[in-house]
Amino acid sequence: MAVSKTYKLNTGAEIPAVGLGTWQSQPGEVEKAVEAALRAGYRHIDTAFAYGNEKEVGEGIHASGVPREDIWLTTKLDNPWHKRVAEAIDRSLENLGTSYVDLYLMHWPSSTDPDDLKKAYPDWDFVDTWREMQKLVGTGKVRNIGVSNFGIKNLERLLNDPSCKIVPAVNQIELHPSNPSPKLVAYNKAHGIHSSAYSPLGSSNSPLYSNDAINSIAKAKNRTPQQVLLRWGLQKGWSVLPKSITKERVEANWDIFDWSLSDEEMAKIDAIPDRFKVCGDDWLPHKVFFGDDE
Ligand SMILES: NC(=O)c1ccc[n+]([C@@H]2O[C@H](COP(=O)([O-])OP(=O)(O)OC[C@H]3O[C@@H](n4cnc5c(N)ncnc54)[C@H](OP(=O)(O)O)[C@@H]3O)[C@@H](O)[C@H]2O)c1
């Protein structure tokens with residue numbers, strides 16, 4: 001049985017180091033993936049209102065037989081709901097069939113007009129949204145609050161605003177060897193914010209699976225390239241959220257606790273020169289990424 005691991009957040013809560021990702025997991029496949037993950041030992045599931053699969057995620061949790069209180073469940077506030085935070089969390093809880101989430105994230109620092117998704121609100125921004133999210137703490141509906149897709153510039157603006165009374169517990173960001181974001185990770189750490197890695201494998205059709213450095217390390221250790229990528233993330237100090245709807249892959253991605261990468265192997269992965277980013281901001285009404293981790 002693999003040994004699992006957690007990271008302590010600035011709230012004192014312990015977030016399990018590996019969570020099942022569910023972006024692009026369709027209804028009809030995500031319930032089974034969640035059930036398989038929980039049966040394999042995962043205790044952390046990552047979803048979002050925007051993925052349109054919260055209901056099936058809840059059904060997978062129920063089908064697994066694992067008690068709700070043993071599971072870390074994360075969901076996210078969608079951009080067109082920034083002015084309706086109280087309503088949005090109630091919707092998500094209803095979809096998920098639970099009375100609380102362990103972590104509620106602002107999915108993007110982009111407050112979008114629900115009547116025109118190409119427009120930002122002229123009179124509202126993510127600092128206002130965070131003020132509303134802070135009100136959820138203490139309602140029993142969310143145990144921790146955090147952000148996602150925040151670069152240093154937007155974090156500075158949030159943390160320096162007088163209305164910011166709660167430092168986000170987590171910043172969920174894109175992290176893999178081709179987007180390692182060292183300045184942003186260091187900024188998070190210096191402010192007591194845990195970094196959680198989305199697209200830790202490089203997402204669908206990942207070019208990292210054919211990378212020479214990753215493959216030579218995988219071969220030497222008798223591991224898969226995916227296990228090497230996830231283990232690299234754990235040793236960097238962030239939680240990893242691999243997505244798969246394939247039972248064998250879900251199980252293999254969990255087997256990363258009782259072995260490790262040497263300093264030389266870590267350095268070889270750190271030295272991968274190629275850069276790519278899975279998630280951009282050109283579909284949003286605001287720019288949210290400003291280059292070089294900003
Ligand atoms: N906050 C945000 O804005 C944000 C953005 C992106 C992602 N996320 C979160 O992070 C999670 C992970 O990111 P992601 O979905 O972009 O990508 P990912 O986890 O980096 O990669 C998923 C892809 O890898 C494949 N895969 C998984 N394990 C494998 C294995 N052992 N062998 C071969 N292929 C494997 C999956 O295929 P199959 O599923 O077909 O097996 C899928 O195509 C998301 O699901 C979501 O929960 C959050």
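## Exercise 1: two annotated positions

In an unreviewed entry, UniProt places the feature "binding site" at His107; UniProt positions follow the numbering used here, feature names are shortened, and annotations may be inferred rather than shown by experiment. The model is predicted, with local features requiring pLDDT of at least 70 and side-chain atom pairs counted only at pLDDT 80 or more, while totals for chains, interfaces and linings use all residues. Residues are numbered from 1 along each chain as its sequence is written.

**Task.** Locate His107, decide whether it is buried or exposed, and list what it touches beyond its sequence neighbours; then do likewise for the residue annotated as "active site".

**Solution.** 

Step 1. His107 sits in the loop between E6 and helix H4 (126–134), where helices (H or I, at least four residues) and strands (E, at least two) are DSSP runs numbered from the N terminus.

Step 2. Burial is decided by a count of other C-beta atoms, placed from the backbone, within 10 Å of the residue's own: 20 or more means buried, 12 or fewer exposed, and anything in between partly exposed. Because His107 has 21 other C-beta atoms within 10 Å, it is buried.

Step 3. Two residues are in contact if their C-beta atoms, placed from the backbone, lie within 7 Å. Not counting residues up to four places away in sequence, His107 touches Ala48, Ala50, Lys76, Leu77, Asp78, Asn79 and Ser148.

Step 4. The "active site" annotation, also from an unreviewed UniProt entry, covers Tyr51, which is found in the loop between strand E4 (44–46) and helix H2 (54–64). Tyr51 counts as buried because it has 22 C-beta neighbours inside 10 Å, and, leaving aside neighbours within four places in sequence, it is in contact with Thr22 and Trp23.

## Exercise 2: the sheet

**Task.** Work out the order of the strands in the open sheet, say which strands stand at the edges, and follow the pairing on both sides of E5.

**Solution.** 

Step 1. Strands of a sheet pair through backbone hydrogen bonds, either parallel or antiparallel. Here 8 strands form an open sheet in the order E3-E4-E5-E6-E7-E8-E9-E10, with parallel pairing; two strands pair if DSSP finds at least two bridges between them.

Step 2. Strand E3 (20–21) and strand E10 (239–240) stand at the edges with a single partner strand each, so one side of each is left without a neighbour in the sheet.

Step 3. On one side of E5, 3 bridges join it to E4 in the parallel sense, and Ile45 stands opposite Leu73 in E5. On the other, strand E5 (residues 72–77) and strand E6 (residues 103–106) run parallel over 4 bridges, with Lys76 opposite Leu105 in E6.

Step 4. Since 6 of the 6 residues of E5 are buried, this strand is largely enclosed by the rest of the structure. Helix H3 (residues 85–96) lies across E5 and E6 and runs at about 135° to E5, an angle taken between N-to-C directions on a scale from 0 to 180 degrees, with axes fitted to C-alpha atoms and, for helices, over the stretch in contact.

Step 5. Further along the order, strand E7 (residues 145–148) pairs with E8 in the parallel sense over 2 bridges, and the partner of Ser148 in E8 is Gln172. Strand E8 (residues 170–174) is mostly covered, as 5 of its 5 residues are buried.
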